[in-house]
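Hello,

Here is the structure I said I would pass on. Please open it first, then read my notes below.

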Amino acid sequence: MSLIDKYNRTIKYLRLSVTDRCDLRCFYCMPDGFTDYEEPEEWLSFAEIERVIASFTRLGVTSVRLTGGEPLVRKDLPLLAKRLSALPGLKDLSLSTNAVKLGKYAEALHDAGISRINVSLDTVDPEKFKKITQGKLSKVIDGLLAAKAAGLKPIKINMVIMKGVNDHDVEDMVEFCREHDFTLRFIETMPMGDTGRNATDYYLNIHEIEQRLGEKYELIPAVMAGAGPARYVQVVGSDLKIGFITPMSQHFCDTCNRVRLSASGTLYMCLGDEYKYELRPLVRGGISDDDLDQVIRDAINLKPLKHEFNEKPEKVVRFMSMTGG
Ligand SMILES: C[S@@+](CC[C@H](N)C(=O)[O-])C[C@H]1O[C@@H](n2cnc3c(N)ncnc32)[C@H](O)[C@@H]1O
Ligand code: SF4
């Protein structure tokens with residue numbers, strides 16, 4: 001069974017937000033002082049999530065990434081991971097995290113079937129980290145080391161590049177990732193909500209970063225399993241792979257294979273659009289498995305051909321942590 005949208009793209013990948021809350025405040029993601037969170041009773045329970053993901057796997061989705069907000073602020077996340085990784089058809093369960101709580105959970109997550117993780121880290125300068133996130137860098141580093149010790153691999157570091165904020169930290173990040181055997185990926189800022197739109201004042205086309213790195217390192221094209229929309233190069237003479245994710249300067253919508261489910265059960269078809277479908281009322285209203293499968297199949301046809309971040313940056317009112325990045 002396949003989940004195919006009206007533009008003939010096969011949907012194989014679901015990003016599952018387990019909470020819209022977070023223990024950091026990256027200025028490009030979440031508004032300072034924001035408290036208008038969903039209430040926990042609005043979140044899908046673990047049993048409800050399992051049911052919805054089971055439906056997606058029946059329809060051919062093979063990869064799920066747990067995200068948020070910060071997924072590790074949701075209580076007992078390893079228990080959910082364990083339930084999901086037992087679902088027949090699910091081949092790949094991964095996690096996006098800020099790593100603040102990873103020191104505590106890395107081993108349990110690995111044991112629960114999380115195969116690989118992506119960690120947001122925009123700088124290894126503690127002062128700058130504090131300015132960007134309002135958090136403490138040492139916790140993230142501890143979390144990363146715990147993840148490595150627990151055997152989570154690959155560990156991909158996602159660095160949002162912002163001109164005048166952290167674009168000069170790139171070389172330090174390259175050395176940090178080389179030293180620890182992490183993969184480094186650069187991401188362009190996206191105009192999601194007011195916070196994201198404000199951050200596009202710092203927008204930098206990351207081809208400029210690639211050119212700069214090319215002057216210092218010898219880079220050759222590389223292949224990375226599960227690369228998604230990233231294009232990779234390898235630093236010659238090392239194992240370091242560097243990825244470039246360019247949603248703004250070079251969109252990759254025609255090969256998009258994913259949808260997103262928010263913590264409260266809203267299915268979002270695209271990061272850069274408001275097309276959505278509410279699954280929670282159906283799940284709480286006792287819909288049958290067959291009908292749930294059919295609803296999802298129909299809903300997928302709402303998926304737009306491409307995002308309009310460049311043409312209509314004001315279009316997306318929700319910020320990243322509300323959708324699940
Ligand atoms: C919303 S976070 C959720 C998972 C987790 N809290 C984390 O930080 O990895 C997922 C990713 O979205 C990215 N992100 C958030 N707002 C963004 C924006 N306006 N533009 C580009 N990336 C953004 C973050 O840097 C992070 O890598
Ligand atoms: S990017 Fe991740 S860590 Fe930063 S505020 Fe958003 S959800 Fe939290």
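Start with a salt bridge: the side chains of Arg116 and Asp92 meet, with N and O 2.7 Å apart. Arg116 belongs to strand 4 and Asp92 to strand 3 (residues 92-97), so the pair ties together parts that are 24 residues apart in sequence. Both Arg116 and Asp92 are buried. Keep in mind that this is a predicted model.

The count of salt bridges comes to 13. Two others are worth a look.

One joins Arg51 and Asp289, whose closest N and O atoms are 2.9 Å apart. Arg51 sits in helix 1 (residues 46-58) and Asp289 in helix 10 (residues 289-299), so this bridge ties together parts that lie 238 residues apart in sequence. Arg51 counts as partly exposed because its relative accessibility is 24%. Asp289 has a relative accessible area of 36%, so Asp289 is partly exposed too.

The other pairs Asp181 with Lys153, and here the closest N and O atoms are 2.8 Å apart. It links distant parts of the chain, 28 residues apart. Asp181 is in the loop between helix 6 and strand 6 (183-188), while Lys153 is in the loop between helix 5 and strand 5. How exposed is Lys153? At 54% relative accessibility, Lys153 counts as exposed, since the cut-off is over 50%. Asp181, at 43%, counts as partly exposed.

Now helix 5. This helix covers residues 137-150, 14 residues in total. From first C-alpha to last, helix 5 reaches 20 Å, close to the 20 Å expected at 1.5 Å a residue. Which of its residues are buried? They are Leu137, Val140, Gly143, Leu144, Ala146, Ala147 and Ala150. An α-helix has 3.6 residues a turn, so residues three or four places apart point the same way. The buried residues of helix 5 pack against helix 3 (102-111), helix 4 (126-133) and helix 6 (170-180), and also against strand 4 (116-120) and strand 5 (155-161). Just after helix 5 comes Gly151, with a positive phi of about 90°.

Last, the nonpolar cores. The largest has 78 residues. Leu66 and Phe186 have the most contacts inside it. Leaving out residues up to four places away in sequence, Leu66 touches a list of residues including Leu16, Val18, Pro71, Leu77, Leu84, Leu95 and Ile114. Another core, of 13 residues, lies apart from the largest one. Among its members are Cys29, Ile132, Met162 and Tyr232.

Best wishes

Conventions:
Residues are numbered from 1 along each chain as its sequence is written. Chains are lettered from A and ligands numbered from 1 in the order in which they are written. This is a predicted model: local features need pLDDT of at least 70, side-chain atom pairs count only at pLDDT 80 or more; totals for chains, interfaces and linings use all residues. Side-chain values use heavy atoms; hydrogens and water are left out. A nonpolar core is a set of buried Ala, Val, Leu, Ile, Met, Phe, Trp, Tyr and Cys residues joined through side-chain atoms within 4.5 Å. Buried means under 20% relative accessible area, exposed over 50%, partly exposed in between (1.4 Å probe, protein chains only). Contact means heavy atoms within 4.5 Å. Helices (H or I, at least four residues) and strands (E, at least two) are DSSP runs, numbered from the N terminus. The expected span of a helix is 1.5 Å times one less than its number of residues. A salt bridge is a side-chain nitrogen of Lys or Arg within 4 Å of a carboxyl oxygen of Asp or Glu.
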